[in-house]
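Please look at the sequence and the model together before reading on.

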Amino acid sequence: MAAEPGTSEVRQQHRFDQGSLERYLCSHLPGFPRHPAGALAVRQYSSGQSNPTFYLQKGGQAYVLRKKPHGPLLPRAHKVDREYHVQKALYSAAFPVPEPLLYCSDVSIIGTEFYVMQHVQGRIFRDLSLPEVGPAERSALYIAIIETLALLHSFDLRSLGLQGYGRGPGYCRRQVSTWKRQYDAAAHKDIPSMNKLAEWLANNLPPDDNEESLIHGDFRIDNIIFHPTEARVLAVLDWELSTAGHPLADLAYATAFYFWPTSIKNLGQGTFLGFKDTIETPSFEELVSTYCRCRGISTSLSNFNFFLALSCFKMAAIAQGIYARYLIGNASAENSHEFAKIVKPLAERGLELSKRSSFSSAHHGVSGELFRQSRKGQEILLKVKQFMKQHIYPAEKEIINYYSGRGNTEEKWKKPPVLERLKEMAKAEGLWNLFLPDVSGLSQLDYALIAEETGKCFFAPEVFNCHAPDTGNMEVLHMYGTEEQKKEWLEPLLEGKISSCFCMTEPDVASSDATNMQCSIERDGNSYVINGKKWWSSGAGNPNCKVAIVMGKTKNSSASRYEQHSMIIVPMDTPGLKLIRPLSVFGYLDEIHGGHFEIHFNDVRVPVSNIILGEGRGFEIAQGRLGPGRIHHCMRSLGAAETALQIMCQRAAQRETFGKKLYRHEVIAHWIAECRLSIEQARLLTLKTASKIDMLGNRKARKEVAMTKVVVPRAVLKVIDCAIQVCGGAGVSQDFPLAFMFAYMRTLRLADGPDEVHLSTIARWELLDQSKKLTAKI
């Protein structure tokens, strides 16, 4: 027969009477092939550290057999009857386990008790870092594992018919004593750290040591069978340690590898503890967030240090038991002699974890260390990342096809139905209006990293109601609007029922100097009358755009040039307001964002109550609006840079020129390095600016805002340009998003003030700062 992966000839110490087994199965297992007699083939799996596991094949039928080891065994261990019983209950509940077919307690058949289950064809990964797959698939596989674990913990023991399966409250106390007892029975030398860890665990039991969920007890990736091509769990294996207990014990055990010292990873090569590569995706936080979301519980997991320490103690005790079986000759694993080296490092790490109060996967970049998000910010970021992976990225192709299929018809301005569904889903998960601190409870620093994540997909900010120009307009109304203005316009904007546009730039003047504005706002009794031309009014083409905030000049010749402009609310259906034409950006109409329109105002009359804050306050409002708004653009742009760099690296690894991969050409390797440097530097400046806004307010952070507004678009354009160059002709085609990204990013060097204006401002503030230190007059 073709060799089953991960199997070998049955090892000498585990051989049994195959003829006896075949005769028994012929008479007791329905559907087992009877002919030809004596044709049963048996191979032993290299895994199965505790209970020897065998692959059976006859007549095109495949099965798996699990049995107790021969010889003396530790008390209460190797209960294959419990495995069979729990698998049968779970299989009936449609949980992914192999179908259990037969249990035999007659030790005369093959020398021990055993059971037989259906063979499941799929992928089993022995290395925790999953070197066979890429980062995206690795994330998806681990997410699938954690979702499966959450499903397991959601079952009610009684509904499964497993009442009485465990031993009642006190699971953690029993675990400590059980593994201490098993360790003592197997120990070949004294290891003080194991004794100290056991003592700490016994004295620090969780106060809620009465939870009774069905837990697996040995939940790790090499006990999972995945679909051959999909990130989907087909079966969870090895239920020997399953019982009724605390679910966090399973979660800690499944994620403990994030906290193992390097010595464990190296010593554990070839064991269930070893892995070759670092695991950066998914992060520990993502897995915990996924688990908590699936179970509907808070990510603030109390006493998690206890469960991680318990996992280390348990793994150390298991390793000691495997080595003890090696010494007496009945170990299942070929590499069982290696396990003695693992016990002490695991115990020492358990003691270290016992002293910790917070946990992360410890691979944050420097930015994350210098500028730390709040706990709420971290939780929201993880939820956004998960939402992006599960819902937004899979919808990209559908949304692109929607717009490409509508050509120059009016339909192109309408939103695709899938986008509206995504918005409802995001709102239901509380991922809504994250940009506004008073609504979301997030700081600008919290939001910075969240906005970067949404910037990795061109339509994601809108899904979370965090897209321009609505965000800026909502900030204006929130900070400066009257109660009536908020009720009529802010509330529906916050709910996502309507959208808006902002009218400031004008076609007939140099708008980089906003005092050049000619659009007039004149008082006429109980109304204001607006006349003028605006363009680059983003979002105006959206059929759901119901309101514009317009900045114009109000007559007050005695006031300074920065106190002659006002902002006013203009409903889009007001007579005299006319959309003239959409403006293209390097040929792109940007339909998904509602385009960028030229709008004319001809005797547009609105009530006096529509003025915002009062006459002459336009620049004051603009500065308040543009501070956070400018860095929000920058935050999202960094996400686009990460996407471009990812595309560049992928292309450089796929294509060859002159006999070698692109990335092996030094010039391209240097581009990749320079792009990473640019992103990291730009991110640090952005986070510093966000932090300063949080601490000192918009006004005190004006210099940093201006610096960020210059640095980030330049850096991101450099990354996108390098990515285009690496992709060649494809980089400027519709097959990649790079051309659209470049067009959009280039506008940011003009939008909200051109670079040159910001540079002049930065220089002025720098000279003012320096003048305080210099003796020469400035």
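One stretch to treat separately is residues 361-369, where the pLDDT is below 50. Beyond near neighbours in sequence, residues 361-369 have 13 contacts in the model. Where pLDDT is low, the predicted coordinates should not be read in detail.

Six strands make up an open sheet with antiparallel pairing, and their order across it is β1-β2-β3-β4-β6-β5. At the edges are β1 (7-8) and β5 (100-104), each of which pairs on one side only.

Strand β3 (residues 53-58) is joined to strand β4 (residues 61-67) by six bridges, in the antiparallel sense. Within this pair, threonine 53 stands opposite arginine 66 of β4. Strand β4 also pairs with β6, again in the antiparallel sense, over five bridges. Here leucine 65 has valine 116 in β6 as its bridge partner. Strand β6 in turn is joined to β5 by four bridges, and these two strands run antiparallel. In that pairing, tyrosine 103 has tyrosine 115 of β6 as its bridge partner.

Is β6 enclosed or open to the outside, and why? Four of its five residues are buried, so β6 is largely enclosed by the rest of the structure.

Helix α1 (residues 18-28) lies across β2 (41-45), β3, β4, β5 and β6 (114-118), and runs at about 120 degrees to β5. Helix α2 (residues 80-92) packs on the sheet as well, where it touches β4, β5 and β6. The direction of α2 makes about 155 degrees with that of β5.

The axes of helix α3 (residues 135-153) and helix α8 (residues 284-295) come within 9 Å and cross at roughly 35 degrees. The crossing of α3 past α8 is right-handed. On the α3 side, the contact is made by Tyr142, Ile143, Ile146, Glu147, Leu149, Ala150 and His153. On the α8 side, Glu286, Leu287, Thr290, Tyr291, Arg293, Cys294 and Arg295 take part. Of the residues in this contact between α3 and α8, eight are nonpolar, two are polar and four are charged.

Notes
Residues are numbered from 1 along each chain as its sequence is written. This is a predicted model: local features need pLDDT of at least 70, side-chain atom pairs count only at pLDDT 80 or more; totals for chains, interfaces and linings use all residues. Side-chain values use heavy atoms; hydrogens and water are left out. Axes are lines fitted to C-alpha atoms, for helices over the stretch in contact, and angles run from 0 to 180 degrees between N-to-C directions. A crossing is left-handed if the near helix is turned anticlockwise from the far one by less than a right angle, and right-handed if clockwise. Contact means heavy atoms within 4.5 Å. Ala, Val, Leu, Ile, Met, Phe, Trp, Tyr, Cys and Pro count as nonpolar, Asp, Glu, Lys and Arg as charged, and the others, Gly among them, as polar. pLDDT is the predictor's confidence in each residue, from 0 to 100. Two strands pair if DSSP finds at least two bridges between them. Buried means under 20% relative accessible area, exposed over 50%, partly exposed in between (1.4 Å probe, protein chains only).
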